[in-house]
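Please examine the sequence and the three-dimensional structure shown below. The paragraphs that follow lead through them step by step.

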Amino acid sequence: MVDVRQVSVKEGDVLLLIGTMKGAFVLRSNAARANWDVAGPYFAGHEVYALAFDQREGRRRLWAAPGSQHWGSMLSSSDDFGRTWTNPESAPIRFPEDTGKSLKRIWQIRPGPEDEPDTMYAGVEPAALFESHDGGESWALMRGLWNHPHREQWQPGGGGLCLHTILPDPSGRQRLTVAISTAGVYRTDDGGRSWQERNHGVRAEFLPDKYPEFGQCVHKIVQHPSHPDRLFLQNHWGLYRSDNGGDSWKDIANGVPSDFGFAMVMHPHDPETVYILPLESDEFRCTPEGKLRVYRTRDGGGSWEALTKGLPQEHALETVLRDAMDADPLNPAGIYFGTRNGAVWGSPNGGNTWQEVISGLPPVVCVRAEVVGDPAKVRVPKPGVRATAKRPAKARKKAAPKTKRTGKAKKAAARPKTRSMKKRPKARGAKKRPKARAASGKSARRAPKKK
Amino acid sequence: MRVTFHIPGFLRPHTDGASRVDLDASPATVGEALGMLWQRHPGVRDRVITETGKVRPHVNVFVGDENIRWTGGLETPLSGHPEISIVPAVSGG
């Protein structure tokens, strides 16, 4: 029997929802984002590529898409932060019989816009979009996209033919933008009835025609809520920006070690700031030069800077997948990413400094960072002040027996360890980090994991 | 006729915990028998077959010791007191 841990969550807490190849985890912290409690594994043994948190109309609902090689893909929700999950009798997302298709994987669950509190979207493989207008109870295939004349010519990418990104329009238009590998960006302006490709200017390195109408392998697109027509795109080779909702794209790979990568995250408050995690190439999908570096632009792609403080800068051949990076909505924003080697890294200060949040997880495929309740009401303590004042050593000691409360000391010891994201004094940090990292299973992080 | 189903652990939340389900019925084929199983326990269906009505590729269905993949699939005829086992394939990592 899998030992599943739970956490208590309250308003104002920060949640990290982590989807892995063998289950989902829920991590919680207070606004300092210095110490994390770990719950899970939920859906142990199942891959969880899609997680979401829906807070519209006072809900506090987690969504997960556990997938099993044996038993197929399901959709499950929890209204108590993971203590209990729905286990629906019938698969809520299913292809209609006339399509002759069957669901392979749910890649994305996305609550709709604030003013449509019961609308939800799901992106799946084979590439298709499903919608729900009753808060996720029942789902229907969006036929407008399914019947698109291009669909028969879409080709699977390395991860399969998947619709992996959904951007509902925050400004009340009947607009929805999606990204499909390998097809590119498609947009509807009439609520899903008709769809047009939006790939002008995006290069398809792997095709004879480098600028086709469609067929691009778009890995991720992001949008800022206050500037819905401003989009950024991480391509299978290429970084792009659009200022017209995707009508046209321009290259912004200015000073990055590689413009290949999967993950891309928009800063929650600043529409000029975007984060990426470049990988070497499509042949070698690992961080270039063995350095784990997040790149940040603060001028809309005009230039990029490497963020490395706290991240390993040698022998770090890591892979971060398209949904394994996210930002929380606090100020300063927390930025997080998870690796295929089962580590999650976090920065409580917009990327300036990083700390390992947890290691030893199965390969991470999805990271979602959320704040419970209204993030504007959450006071973020100043670094340093908070660490001693708000969470004294006594409190930490108090928290420690939590892991032992089960009385299964062996299992507890085998569990993944959480890392403190608290910024340590320099001298201490320099001395202690290698030790702490070794204790956290640094060698295991490098060792190839069994799949 | 009687049909006995052997249910793997993962599906038991959908059979009220039962590892064995007996039906007093005379289905002519495995497909028919499975249809009767999920009439009684609807949660089993979508986990064993896809939307297109095929047994999932990594799920095996046995009649006695015979995997139905080699005996006619869901059309495999039944007689006597068949014991049908639903078994996850030995795959994964």
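This is a predicted model: local features need pLDDT of at least 70, side-chain atom pairs count only at pLDDT 80 or more; totals for chains, interfaces and linings use all residues.

Of the 93 residues of chain B, what percentage count as buried? The figure is 23%, where a residue is buried if 20 or more other C-beta atoms lie within 10 Å of its own, exposed if 12 or fewer, and partly exposed in between, with C-beta atoms placed from the backbone. In chain A, buried residues make up 48% of the 451 residues.

Residues are numbered from 1 along each chain as its sequence is written, and chains are lettered from A and ligands numbered from 1 in the order in which they are written.

Chain B contains 2 helices and 5 strands; helices (H or I, at least four residues) and strands (E, at least two) are DSSP runs, numbered from the N terminus. Along the sequence, these elements follow the pattern β-β-α-α-β-β-β. Chain B is as compact as a globular protein of its length, because its radius of gyration of 12 Å is close to the 12 Å that the globule rule gives for 93 residues. The radius is taken over C-alpha atoms, and the rule is 2.2 Å times the number of residues to the power 0.38. Along the principal axes, the C-alpha atoms of chain B fill a box of roughly 40 × 30 × 25 Å.

B:R69 lies in the loop between β4 (66-67) and β5 (83-88) of chain B. B:R69 is partly exposed, because 13 other C-beta atoms lie within 10 Å. The C-alpha atoms of B:R69 and B:V55 are separated by 9.4 Å, and these residues are 14 apart along the chain.

Chain A has 7 helices and 28 strands. Strand β5 of chain A (residues 61-68) has 6 of its 8 residues buried, so it is largely enclosed by the rest of the structure. Two strands pair if DSSP finds at least two bridges between them. Strand β4 (residues 47-54) of chain A runs antiparallel to β5(A) and is joined to it by 6 bridges; A:V48 has A:P66 as its bridge partner. In the hairpin of these strands, with 6 residues between them, A:E57 takes a positive phi near 55 degrees. Strand β7 (residues 76-78) of chain A is also antiparallel to β5(A), with 3 bridges, and A:W63 stands opposite A:S77. A hairpin of 3 residues joins β5(A) to β6(A), where A:S68 stands opposite A:G72.

The interior comes next. In soluble globular proteins, nonpolar side chains tend to be buried together. A nonpolar core is a set of buried Ala, Val, Leu, Ile, Met, Phe, Trp, Tyr and Cys residues joined through C-beta atoms within 7 Å. The largest such core has 116 residues, and A:L16, A:A263 and A:V367 have the most contacts inside it. Apart from it lies another core of 17 residues, including B:V30 and B:L37.

Finally, the two chains meet. Two residues are in contact if their C-beta atoms, placed from the backbone, lie within 7 Å. The contact between the chains takes 16 residues from chain A and 18 residues from chain B.
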